[in-house]
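Welcome, and take a moment to look around before reading on.

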Amino acid sequence: MVKMVAELINANPVVYERKERRVYKLPAVIDEYAQEPIDQQEIFDHIRDIKDPEHPYSLEQLNVVTEDSIEVNDEKSHVRVTFTPTVEHCSMATIIGLCLRVKLIRSLPSRYKVDIRIAPGTHATEATVNKQLNDKERVAAALENLTLLEVIEDCLSPTFA
Amino acid sequence: MELGAELREVERLEGHGDRVWSLAWNPAPENCGRAPAMLASCSGDKTVRIWQPTSSGAWDCSAVLEDAHNRTVRSCAWSPNGKLLATASFDSTIAIWEYIGNDFECVATLEGHENEVKSVSWSASGLLLATCGRDKTVWLWEVQPGNEYECVSVLQGHSQDVKMVQWHPNLDILVSVSYDNSIKVWAEDGDSDDWHCVRTLNEASSGHSSTVWALSFNTTGDRMVTCSDDLTLKIWNTGLEDYDSWRHLCTLSGYHDRTIFSVHWSSEGVIASGAADDAMCLFVENQDHSVDEAPYILLLKKEKAHDMDVNSVRWSPKEPSLLASASDDGVIKLWELSQVS
């Protein structure tokens, strides 16, 4: 599944400015049992720092994910992330999708249903990649592949900093 | 007709350390230490657990089958005599467990699949075992004396991974369902001993438009139900010897809003489905036979049956109103279906 290539798929990616970070204010009275609804920005904060599999830049810096690419319905416990690969033939699209899924599985409450997809019209094999990323049996099998898991962990490490 | 039914949770079985993928009721638990009932479950935690009622009536885990697989155990199936349990794993092998002297022992390991094995099924006679997996193939194994299993055929035809295989309840006919959205029927050629695909049910034959995850026959084998990522269940008329006449009977849609992973037909004719929307649905044949009426209708929907995806639903062969379900939440539940007036 992972093809290690000598040449970079996208040798010169466009790098964008990082957006400002939200400062979390603690409420005056802390109610431990209050359930804070999860919003778009919180989801974005979970995934913005994921490292691109082939560049030293984050998915935010490469505009692979933006805040607007996240749809969240906290009441229905549903989130959908639409990502845009940097080039149409990016063979790393599946890895990026897996990174997004793994990060959200680890960060969100288990009641959450997560859908990951490629932005319509931005990838040559969009339907194939989308089907793979949303087949949980294939995802489970992929995550038992230690080589692949290592690549994913490496991409996720900046998000836990 | 007034449909009054209630599905009540009667047991909650906890022990697996990861998602539970699949369940199998032992069809002849009396052959396993005279147990009154026995359920096997398999999980992402790489183990298989055996559950049975204790003398007080409460259910308990009586055995943990481990060390045979080093990756997820995706599916399990009991032989018709209840003495053997076959388990299929992502580690590319199938293990055969035999009940010997109060314990389950791994007596054979079947190797051949290139990678993840996803499903296993015993034929009605118990003489053939079918397996399938990510390598797009279906393997047929002949059960021989002395725990020997000989591969008699490798069936190729699916263009993507094969999600599940299931034998017809009475005949040596095998059905497989796949990530390629199709359902294939396999049978032996009358003249030679060759197995081949005798029928493909795809979108052009009113079939599914996305991954087909599971199938189940009714007791007599004249109906089959399939479920899919396209959020529908489909019922097929399979009553005729001539495979070309197997046809789509009806589509049940609008009941689940995420992928339907499992479907099972009870011996009393109730179809259960389990899906990624955490819900289960029960369907029955419509007693109103007028032409305009749907042939199958919803009996009830159990929202929030589990805290996460429902991966497997299985009716007990001994107590037709007892249903078992398994989920990503790591829990197995037993449910009692009762009619209320």
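## Aromatic rings in chain B

W265(B) has a relative accessible area of 7%, so this residue counts as buried. Please keep in mind while reading that the model is predicted.

The partner of W265(B) in an aromatic pair is Y296(B): the ring centres are 5.9 Å apart and the planes stand at 85°, so the pair is edge-to-face. This pair links distant parts of the chain, as W265(B) belongs to strand β22 (residues 260-265) of chain B and Y296(B) to strand β25 (residues 296-302) of chain B, 31 residues apart. Is Y296(B) buried or exposed? With a relative accessibility of 3%, Y296(B) is buried.

Over all chains, the count comes to ten aromatic pairs. Another of them joins F217(B) and W246(B), again described as edge-to-face, with 6.4 Å from centre to centre and 80° between the planes. F217(B) sits in strand β18 (residues 212-217) of chain B, while W246(B) sits in the loop between β20 (232-237) and β21 (247-253) of chain B, so this pair ties together parts that are 29 residues apart in sequence. Both F217(B) and W246(B) are buried.

Here are the two pairs side by side.

| Pair | Centre to centre | Angle between planes |
|---|---|---|
| W265(B) and Y296(B) | 5.9 Å | 85° |
| F217(B) and W246(B) | 6.4 Å | 80° |

Rings can also join up in groups: W78(B), Y99(B) and F104(B) are linked into a cluster by ring pairs.

Charged side chains meet rings as well. In chain B, K163(B) lies over the face of W213(B), at 4.2 Å from the ring centre.

## A four-stranded sheet

Next, find the open sheet of chain B whose four strands come in the order β10-β11-β12-β13, with antiparallel pairing. Which strands stand at the edges of this sheet? They are β10 (117-122) and β13 (148-156) of chain B; each has a single partner strand, so one side of each is left without a neighbour in the sheet. On average, neighbouring strands here are turned by 20° against each other, direction ignored. As background, strands of a sheet pair through backbone hydrogen bonds, either parallel or antiparallel.

A closer look at β10(B) shows how the pairing works out. Five bridges join β10(B) to strand β11 (residues 128-133) of chain B, and the two run antiparallel. Along the way, V120(B) has T131(B) as its bridge partner in β11(B), and S121(B) stands opposite A130(B). The hairpin of β10(B) and β11(B) has five residues between the strands, and G126(B) takes a positive phi near 80° there. Although β10(B) is an edge strand, β10(B) is mostly covered, with six of its six residues buried.

In the span 66-98 of chain B, the end C-alpha atoms lie 14 Å apart, with 0% helix and 55% strand. For the span 205-237 of chain B, the end C-alpha atoms lie 12 Å apart, and the content is 0% helix and 55% strand.

## Around P27(B)

P27(B) is found in the loop between β2 (20-25) and β3 (39-43) of chain B. Its relative accessible area is 33%, so P27(B) is partly exposed. Which residues does P27(B) contact, leaving aside its neighbours within four places in sequence? They are W78(B), S79(B), P80(B), G82(B), P317(B) and K318(B). W78(B) is also a member of the ring cluster with Y99(B) and F104(B). From P27(B) to H289(B), the separation is 262 residues in sequence and 33 Å in space, C-alpha to C-alpha.

## Turning to chain A

Chain A has five helices and three strands, running α-β-β-α-β-α-α-α from the N terminus on. Of its 161 residues, 43% count as buried. Among contacts in chain A between residues at least 6 apart in sequence, 68% join residues at least 24 apart.

For chain A, the unreviewed UniProt entry places the feature "domain: MIP18 family-like" at residues 41-111. The end C-alpha atoms of this span lie 19 Å apart, and the span is 31% helix and 14% strand.

Terms used: Residues are numbered from 1 along each chain as its sequence is written. Chains are lettered from A and ligands numbered from 1 in the order in which they are written. This is a predicted model: local features need pLDDT of at least 70, side-chain atom pairs count only at pLDDT 80 or more; totals for chains, interfaces and linings use all residues. Side-chain values use heavy atoms; hydrogens and water are left out. Two strands pair if DSSP finds at least two bridges between them. Axes are lines fitted to C-alpha atoms, for helices over the stretch in contact, and angles run from 0 to 180 degrees between N-to-C directions. Rings of Phe, Tyr and Trp (its six-membered ring) pair if their centres lie within 6.5 Å; planes under 30 degrees apart count as stacked, over 60 as edge-to-face and the rest as tilted. Buried means under 20% relative accessible area, exposed over 50%, partly exposed in between (1.4 Å probe, protein chains only). A charge sits over a ring if NZ of Lys or CZ of Arg is within 6 Å of the ring centre and within 35 degrees of the ring normal. Contact means heavy atoms within 4.5 Å. UniProt positions are given in the numbering used here, feature names are shortened, and annotations may be inferred rather than shown by experiment.
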